[in-house]
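Here is a short note to read beside the model. Keep the structure open and find each residue as you go.

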Amino acid sequence: MNNNERLYKISEIADIAKVNKTKVWRYIRDNNISERSMKGNAKLYSEHTKDVIIKAFSSESVHLATETKADTSRILLEQIDILKGELERKNDQLDKMQSLLDQQQRLNLSTNRQNEKLLDTTTNNTPSQDDRPLQNDDTDVLKPTEGNFIRGKKLRRLKRAYSAG
């Protein structure tokens, strides 16, 4: 043994490698590394052994960091694909909802027309000029007509019918 050679305890190697002593001890055990000498109960390792151990932990860290980045990227890409699928489903749901709302509006318009016709027949009023488009109405809600909206005279007549009835 060279007297000028510095020897290192497991705790010193762990401090230099920035890992805990147990990791260094397990690495030494798993790789069958023998100590250079003993000082009391402490095993001492050569400079070369220290360098090998430190290199192993630094390359392991780089390897783990690379794997972690690759795993993270893969997971993020999978999440993006999942979110894209969800977004497409939500867009389909919105389209269906819009279609249902349009259908509901057409049904409401048709019901309003039918109610207006019923009110016209129950009030026995002579039809005014504004009512004529409704008399010919076949309640086709897809065809826009002038009678689709309740106007001034029609509204007043409906209010009178409701208050009298």
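Is Lys 18 buried or exposed? Lys 18 is exposed, at 75% relative accessible area. The cut-offs: buried means under 20% relative accessible area, exposed over 50%, and partly exposed in between (1.4 Å probe, protein chains only).

1. Ground rules. This is a predicted model, where local features need pLDDT of at least 70 and side-chain atom pairs count only at pLDDT 80 or more, while totals for chains, interfaces and linings use all residues. Residues are numbered from 1 along each chain as its sequence is written, and side-chain values use heavy atoms, with hydrogens and water left out.

2. Overall layout. The chain has five helices and two strands. Their order from the N terminus is α-α-β-β-α-α-α. Helices (H or I, at least four residues) and strands (E, at least two) are DSSP runs, numbered from the N terminus. Of the 165 residues, 19% count as buried.

3. Two positive phi values. Most residues other than glycine have a negative phi. Lys 18 has a positive one, near 60 degrees. Lys 18 sits in the loop between helix H1 (10–17) and helix H2 (21–30). Asn 32 also has a positive phi, near 50 degrees. Look for Asn 32 in the loop between H2 and strand S1 (37–39). Asn 32 is exposed, because its relative accessibility is 70%.

4. A salt bridge across the sequence. A salt bridge needs a side-chain nitrogen of Lys or Arg within 4 Å of a carboxyl oxygen of Asp or Glu. The count comes to five. One of them joins Glu 5 and Arg 36, at 2.6 Å from N to O. This pair links distant parts of the chain, 31 residues apart. Glu 5 lies in the segment before H1, and Arg 36 in the loop between H2 and S1. Glu 5 is partly exposed at 23%, and so is Arg 36 at 40%.

5. Arg 29 and Asp 30 form a salt bridge, with their closest N and O atoms 3.1 Å apart. Asp 30 is exposed at 52%, whereas Arg 29 is partly exposed at 43%. Lys 50 and Asp 51 also pair, at 3.3 Å. Lys 50 counts as buried because its relative accessibility is 9%. Asp 51 is partly exposed at 38%. Glu 47, Lys 50 and Asp 51 are linked in a network of salt bridges.
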